[in-house]
Amino acid sequence: ARLDHLVFELLLGLQHLRLHLLRLFTTVVKTGSFSRAADALHISQPAISKGVRDFDLQVGCRLLDRTPKGVRPTREGKALVCHAESLFRADRAAEAAIRHKIRALFPHHGVMGEEYGSNRLDAEFVWVLDPIDGTKSFITGMPGWGTLIGLLRNGQPCYGMMHQPFT
């Protein structure tokens, strides 16, 4: 319970949690090394190192310990990874459900999303998905998050909506 409170306070202190930096960090933890994380994410090792360093600075505490065999998360880093994995699972599940519904109703439309990439971007209509906008709020259980869905027609916005389950 004490560690959960620590993570909660840590996340509340973030002004703008950057999801891509959180993904870099969790991949480094999962793989145990910056170079293996770079391979897994198909980006350069210096970009991974810089992203994790930036994330450490943003969070305001050390999240990784370097070892002779790679890296391992600190106590705070482990707790953050646990919460991050919950976020990523929820984000993937929400985007998968929205994509499934779009395919069922509009099979010729394209979709652009954060979790599963893009497909059919050359279609007349392309849906733009952000299943969990307000990452910090979602992770900490605060009500300031929502789902954003936009629709482009021939590359131009024609529809947008936001759903906030707490309002």
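A residue is counted as buried when its relative accessible area is under 20% and as exposed when that area is over 50%, with partly exposed residues in between. The structure described here is a predicted model, and by this criterion buried residues make up 40% of the 167 residues in its protein chain.

The protein chain contains six helices and seven strands, which follow one another along the sequence in the pattern α-α-α-α-β-β-α-β-β-β-α-β-β. Among the contacts with a sequence separation of 6 or more, 45% are accounted for by residues 24 or more positions apart.

Five of the strands are arranged in an open sheet with the order β4-β3-β5-β6-β7, in which the pairing is mixed. Because β4 and β7 stand at the edges and have a single partner strand each, one side of each is left without a neighbour in the sheet. Helix α5 packs on this sheet, where it touches β3 (110–113), β4, β5 and β6, and the direction of α5 makes about 155° with that of β5. The pairing of β6 with strand β7 (residues 156–163) is antiparallel and extends over seven bridges. Within this pairing, G160 of β7 is the bridge partner of G150, and M161 of β7 is the bridge partner of I149. The two strands form a hairpin with two residues between them, and N154, located in the turn, has a positive phi of about 55°.

Two packed helices are described by the angle between their axes and the distance between the axes. For α2 and α5, the axes come within 10 Å and cross at roughly 115°, and the crossing is left-handed. On the side of α2 the contact is made by L19, L22, R23, F25, T26, V29 and K30, whereas α5 contributes G77, L80, V81, A84, E85, L87, F88 and D91. Classified by residue type, this contact of α2 with α5 comprises nine nonpolar, two polar and four charged residues.

Helix α2 also packs against helix α3 (residues 34–41), with axes that come within 8 Å and cross at roughly 120°; the crossing of α2 and α3 is right-handed. The residues in contact are L24, T27, V28 and T31 of α2 together with F34, R36, A37, A40 and L41 of α3. In this contact of α2 with α3, six residues are nonpolar, two are polar and one is charged.

Seven salt bridges are present in the structure. One of them joins E85 to K30, with the closest N and O atoms 3.4 Å apart. Since E85 belongs to helix α5 (residues 75–105) and K30 to helix α2 (residues 19–31), the pair ties together parts that are 55 residues apart in sequence.

In the salt bridge between R153 and E124, the closest N and O atoms are 2.8 Å apart. This pair links distant parts of the chain, as R153 is in strand β6 (residues 146–153) and E124 is in the loop between β4 (118–119) and β5 (125–133), at a separation of 29 residues. R153 counts as partly exposed with 42% relative accessibility, and E124 counts as partly exposed with 37%.

Salt bridges also link R23, D91 and E115 in a network.

Methods
Residues are numbered from 1 along each chain as its sequence is written. This is a predicted model: local features need pLDDT of at least 70, side-chain atom pairs count only at pLDDT 80 or more; totals for chains, interfaces and linings use all residues. Side-chain values use heavy atoms; hydrogens and water are left out. A salt bridge is a side-chain nitrogen of Lys or Arg within 4 Å of a carboxyl oxygen of Asp or Glu. Helices (H or I, at least four residues) and strands (E, at least two) are DSSP runs, numbered from the N terminus. Buried means under 20% relative accessible area, exposed over 50%, partly exposed in between (1.4 Å probe, protein chains only). Axes are lines fitted to C-alpha atoms, for helices over the stretch in contact, and angles run from 0 to 180 degrees between N-to-C directions. A crossing is left-handed if the near helix is turned anticlockwise from the far one by less than a right angle, and right-handed if clockwise. Contact means heavy atoms within 4.5 Å. Ala, Val, Leu, Ile, Met, Phe, Trp, Tyr, Cys and Pro count as nonpolar, Asp, Glu, Lys and Arg as charged, and the others, Gly among them, as polar. Two strands pair if DSSP finds at least two bridges between them.
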